[in-house]
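Work through the exercises below with the structure in view. Each task is followed by a solution in steps.

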Amino acid sequence: MKKVAAVYVVILVLFSNISFRAKTLILNNDSSDTNTIEYYQTMKRDLLCLMMAYPKYITNIEKEENGQVYLVMESGRKILYDDKKNKNFKKKLSNPDLQDMMEQEYPLSYSKSLMEEDFDPGRRRVYDLLKEVYGESKQQIESNLKNVSLGYENYQFNNNNKAAESLQNAMRELMPIIKERRDIKAYLYPCSGTFNYRLIAGTDQLSPHSFGIAIDLARDKRDYWKWASREEGEERIASYPKELVEIFEKNNFIWGGKWGHFDILHFEYRPEIILKARYFGGKLNDKEWYSGAPYEDPSVKNYIEKINEVLK
Ligand SMILES: [Zn+2]
């Protein structure tokens, strides 16, 4: 009997120890806890992706005495990484900091099903960053627009930070494909618009179309979460051509078809989101926080050194 009791005690101790460890692991994985290794690793990766995505506009990073980390922009404007506020899903959408913007990992893998309702990677936008890069006002943005040929007609896109060039490259890749594949062509044409200075319906936030960094392709009534049920959206996504999505993603565009709040005709130039997915997607604890990034590139190496120096 004694033996049985001892075994029981050992099992109990082992079990409570395991569950205790599991609990600490869960706590440590919470990226909102600012003292964890994960928090710093994520911050460094986010900053690196931002510096790679906006090389002409981000000149430095800075850590102030209170611990706050900022991007320093070309104009001298500083953009805060983490406001340390506790925000729910809605608040993260209406008032995101850089951390919130980069938080949900965009999946580069192809899936025919609709994302979870509150999974909208890239739908959060930091307007200070967009204004700095693409123009502060309607007038300034308009002066940065350039015509991009969509094959049959020209559309205006922002010429800053390689946005117009990236759309042109995507179109150049698509042209020979749609000559062979009429089914894909039907998803591309007629284009439903690019630059349009307007608010997102039902919000006081500017649409990314206002900055000339988004394009809506051929429209279908099942394309938008406000127009259609999730079943209808799912049906449309299942039919959407993989090749079209992959070419846009390759050129640093995210697809609204990968948002729970789906916007299937919508593609948006967001290099920071795609770079994070490309270099760090699905990776947690590698030896170095930057492993995955192309650090043999001298400018990338430079950014990594800068980040290591400021965030020692
Ligand atoms: Zn759109």
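Helices (H or I, at least four residues) and strands (E, at least two) are DSSP runs, numbered from the N terminus. This is a predicted model, in which local features need pLDDT of at least 70, side-chain atom pairs count only at pLDDT 80 or more, and totals for chains, interfaces and linings use all residues. Residues are numbered from 1 along each chain as its sequence is written, and side-chain values use heavy atoms, with hydrogens and water left out.

**Exercise 1.** Find the loop that holds Asn 252, and state whether Asn 252 is buried or exposed.

Solution. Step one: Asn 252 sits in the loop between H10 and E7. Step two: its phi is near 70°, a positive value in a residue other than glycine. Step three: buried means under 20% relative accessible area, exposed over 50%, partly exposed in between (1.4 Å probe, protein chains only). With a relative accessible area of 15%, Asn 252 is buried.

**Exercise 2.** Name the protein donors of the zinc ion.

Solution. Step one: donors are N, O and S atoms within 2.8 Å of the metal (3.2 Å for Na, K and Ca); water is not among the atoms, so sites may look incomplete. Step two: His 209 (NE2), Asp 216 (OD) and His 266 (ND1) lie 2.0 to 2.1 Å from the zinc ion. Step three: their spacing in sequence is H-x6-D-x49-H. Step four: His 209 is buried at 3% relative accessible area, and Asp 216 is buried at 10%.

**Exercise 3.** How many residues of helix H11 are buried?

Solution. Step one: H11 covers residues 271-280. Step two: nine of its ten residues are buried, among them Pro 271 and Phe 280. Step three: just after H11, Gly 282 has a positive phi of about 70°.
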